Amino acid sequence: MTVGIPPLPPPDRPHKSSRAWVALALIVLVMAGALFAWWQADERTARETRATPIPVAAALDDTTARAPRGVRIRVRVVNTSGTSGLARRATQHLRDYGFDVVDFTTGTTDTNADTRIAVHTAHPAWALRLQKALGVGTISTDADTSRYVDLTVFVGRDWRPPAETLRP
């Protein structure tokens with residue numbers, strides 16, 4: 001009988017199942033990081049949204065935001081926001097509330113302009129109604145009875161038009 005040295009055990013190699021667990025752990029770690037980043041971005045957006053409230057126009061059935069029944073309030077709309085088409089959208093919106101928009105145009109763009117309502121006649125209560133219909137705007141008096149319009153609205157960057165309805 002020959003006494004010899006016992007054979008060496010084979011070198012330790014990772015099993016295929018342990019490599020799968022490492023790969024799975026890496027995938028879970030990447031997914032958790034992506035979920036955390038998404039959650040942080042969503043929280044930041046929510047904080048910004050809460051910080052800047054969006055002005056809301058009055059409901060169409062709110063009688064204090066509509067032109068008085070039987071009274072023709074002539075309005076001129078001037079877009080000073082720099083956003084294309086905003087005067088047309090404001091015109092449609094105010095007509096839905098019963099105001100007679102006789103003219104709309106684009107004026108000189110003022111990047112810091114907020115919506116302003118100029119009263120040309122002795123009817124500041126009409127400006128309050130128009131302000132409520134838009135949801136924004138400061139009222140100023142620019143008395144000039146020779147003008148054809150009662151009110152002029154200078155639409156600024158602070159006014160957000162409602163969702164546009166289909167108008168065939």
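Visitor: In which sense do strand β1 and strand β5 pair?

Guide: In general, the strands of a sheet pair through backbone hydrogen bonds, and the pairing is either parallel or antiparallel. Keep in mind that this model is predicted. Here β1, residues 74–79, and β5, residues 151–155, pair in the parallel sense over 5 bridges.

Visitor: Which residue of β5 stands opposite Val-75?

Guide: Val-75 faces Leu-151 there.

Visitor: In what order do the strands of the sheet lie?

Guide: The order is β2-β1-β5-β3-β4, in an open sheet of 5 strands with mixed pairing. At the edges are β2 (100–106) and β4 (138–141); each has a single partner strand, so one side of each is left without a neighbour in the sheet. On average, neighbouring strands of this sheet are turned by 20° against each other, with direction ignored.

Visitor: Of the contacts between residues at least 6 apart in sequence, what share joins residues at least 24 apart?

Guide: The share is 78%.

Visitor: What percentage of the residues is buried?

Guide: A residue counts as buried when its relative accessible area is under 20%. By that cut-off, 25% of the 168 residues are buried.

Note on methods: Residues numbered from 1 in each chain as written. Predicted model: local features only at pLDDT ≥ 70, side-chain atom pairs only at ≥ 80, totals over all residues. Heavy atoms only, no water. Buried < 20%, exposed > 50% of the residue type's maximum accessible area, 1.4 Å probe, protein only. Contact = heavy atoms within 4.5 Å. Pairing = 2+ DSSP bridges. Helix = DSSP H or I, 4+ residues; strand = E, 2+ residues; numbered from the N terminus. Axes fitted to C-alpha atoms, helices over the stretch in contact; angles between N-to-C directions.
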